[in-house]
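Biologist: Could you walk me through this model? I have a few things to ask once it is on the screen.

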Amino acid sequence: MTVSFAEIKASMPMVFESGCSTRVILDHIMSKWGVLVLAALSDGTRRWGELRREVDGISEKMLATTLRTLVDDGIVHRESFPTVPPHVEYSLTPLGRDLMERMLPLIGWVADHADAMVVRS
């Protein structure tokens, strides 16, 4: 079921044009940190500290911002437990799982080809 970009644009007028919500969502899910956070969550529920360790190089501020954005987009679920100290878990929503079924092959492709591509630069 290969669909071309032209077919997508023809079926939905104005899609991916300036000011379209599709550009906002692409920015959220395809940003460096968005992809890495979503990839980590594709393996299951994680606490904030686990995500911080798993997404190497992300700052606390950027992790908090990225998670807040993905929660607001409905891709990530945030569950807070009334304990001391606070216990918060993050997981993919059904929409997020659907997204990652499609995104993980791309992530795998990047992992397979990145070294050869960077060498050419």
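Biologist: Happy to start with the contacts. Among contacts between residues at least 6 apart in sequence, what percentage join residues at least 24 apart?
Modeller: Keep in mind that this is a predicted model. Here a contact means heavy atoms within 4.5 Å. Among such pairs at least 6 apart in the protein chain, the share joining residues at least 24 apart is 43%.

Biologist: Which element gives the largest share of the lining of the largest pocket?
Modeller: That pocket holds about 560 Å³ of space, and 16 residues line it, with L26, I29, D98, L99 and R102 nearest its centre. Two elements give two or more residues to the lining, α2 (21-30) and α6 (94-120). The largest share, 6 residues, comes from α6.

Biologist: And how many charged residues are in that lining?
Modeller: Nonpolar residues account for 13 of the lining, and there are no polar ones. The number of charged residues is 3.

Biologist: Nice. At what angle do α2 and α3 pack?
Modeller: H28, I29 and M30 in α2 meet K32, G34, V35 and L38 in α3. By class, the residues of this contact are 4 nonpolar, 2 polar and 1 charged. The axes of α2 and α3 lie 5 Å apart, and the angle is about 65 degrees.

Biologist: Last one: what percentage of the residues count as buried?
Modeller: Buried means under 20% relative accessible area. Of the 121 residues in the protein chain, the buried share is 26%.

Key: Residues are numbered from 1 along each chain as its sequence is written. This is a predicted model: local features need pLDDT of at least 70, side-chain atom pairs count only at pLDDT 80 or more; totals for chains, interfaces and linings use all residues. Side-chain values use heavy atoms; hydrogens and water are left out. On a 1 Å grid over the protein atoms alone, a cavity is a set of points where a 1.4 Å probe fits but cannot get out, and a pocket is an open set with protein on both sides within 12 Å along at least five of seven lines; lining residues have an atom within 4 Å of a point. Grid points are joined across faces, edges and corners, and a volume is the space filled by probe spheres set on the points. Helices (H or I, at least four residues) and strands (E, at least two) are DSSP runs, numbered from the N terminus. Ala, Val, Leu, Ile, Met, Phe, Trp, Tyr, Cys and Pro count as nonpolar, Asp, Glu, Lys and Arg as charged, and the others, Gly among them, as polar. Axes are lines fitted to C-alpha atoms, for helices over the stretch in contact, and angles run from 0 to 180 degrees between N-to-C directions. Buried means under 20% relative accessible area, exposed over 50%, partly exposed in between (1.4 Å probe, protein chains only).
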